[in-house]
Amino acid sequence: MAIGASLLRKFIPGDALWFQIHRTLNILVVICTFIAFGLAVTAIHQETPSGYDPKHFNPSLADGHRTIGLVVVIFAFIQAVSGLLRPHLPRKPEPDAEVGEEQAPPEKSTARKTWEVGHRVLGFGVLGLCWYQVALGIHLYSVIFNSGNDETAMRAFYSTIGILGSVIFLGFMQAKLLTTKHPKQENKSGWTSKPNEAMRGSR
């Protein structure tokens, strides 16, 4: 949903509401991830007989589920911190008082461009890893508690991500189509202005 808010920002009213939604959802994801991680580690520790090594993150156990969980927690934390410490966009200039034109803002810094690429790649990478981790967890749970029958749970899981993914993808493509049909003047810094705005105030 956090990625969806970013991709579908054109449908969200206001200049920064999409960002507030994106940031809030990301914070909630990190909090829930840490809670789930703590519960898993605690449960394994309690189930391990006294004097034995619980082998919390042994990659050879549970098809790597424990190790993948640790990797997800680390990457989620890095993603959240990098978002808080992101290089800022250049300041949007004020319109020219004489002609009413918006001045072209300075180009994004190299650090900002690099961060944007890394933030997106890591975000989609962690999302894919989480989906795999959930599917693996469902399978392991079914093996332990449900005689290996995971069809119903798997169908529900894949249906959920399929519906959400399809809605976000179709919305993103619709936004791209609208941009193509009704182009705006857009500079390299990401600021946009309508074509006729430059004519306002030029009387």
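**Exercises on a predicted chain**

The chain has five helices and two strands (DSSP runs, H or I of at least four residues for helices, E of at least two for strands, numbered from the N terminus). We're working on a predicted model, where local features need pLDDT of at least 70, side-chain atom pairs count only at pLDDT 80 or more, and totals for chains, interfaces and linings use all residues. Residues are numbered from 1 along each chain as its sequence is written, and side-chain values use heavy atoms, leaving out hydrogens and water.

**Exercise 1.** Check the span of α2 against its 31 residues.

*Solution.* Step one: the expected span is 1.5 Å times one less than the number of residues. Step two: for α2 that comes to 45 Å. Step three: the end C-alpha atoms sit 45 Å apart, so the two agree.

**Exercise 2.** Now do likewise for α4, residues 110–145.

*Solution.* With 36 residues, α4 should span 52 Å. Its end C-alpha atoms are 52 Å apart, so that fits too. Just after α4, Ser147 has a positive phi of about 55°.

**Exercise 3.** Which residues of α2 are buried?

*Solution.* Start with the cut-offs: buried is under 20% relative accessible area, exposed is over 50%, and partly exposed lies in between (1.4 Å probe, protein chains only). In α2, the buried ones are Trp18, Phe19, His22, Val30 and Thr33. Over in α4, the buried set includes Trp115, His119 and Leu136. For the chain of 203 residues, 23% count as buried.
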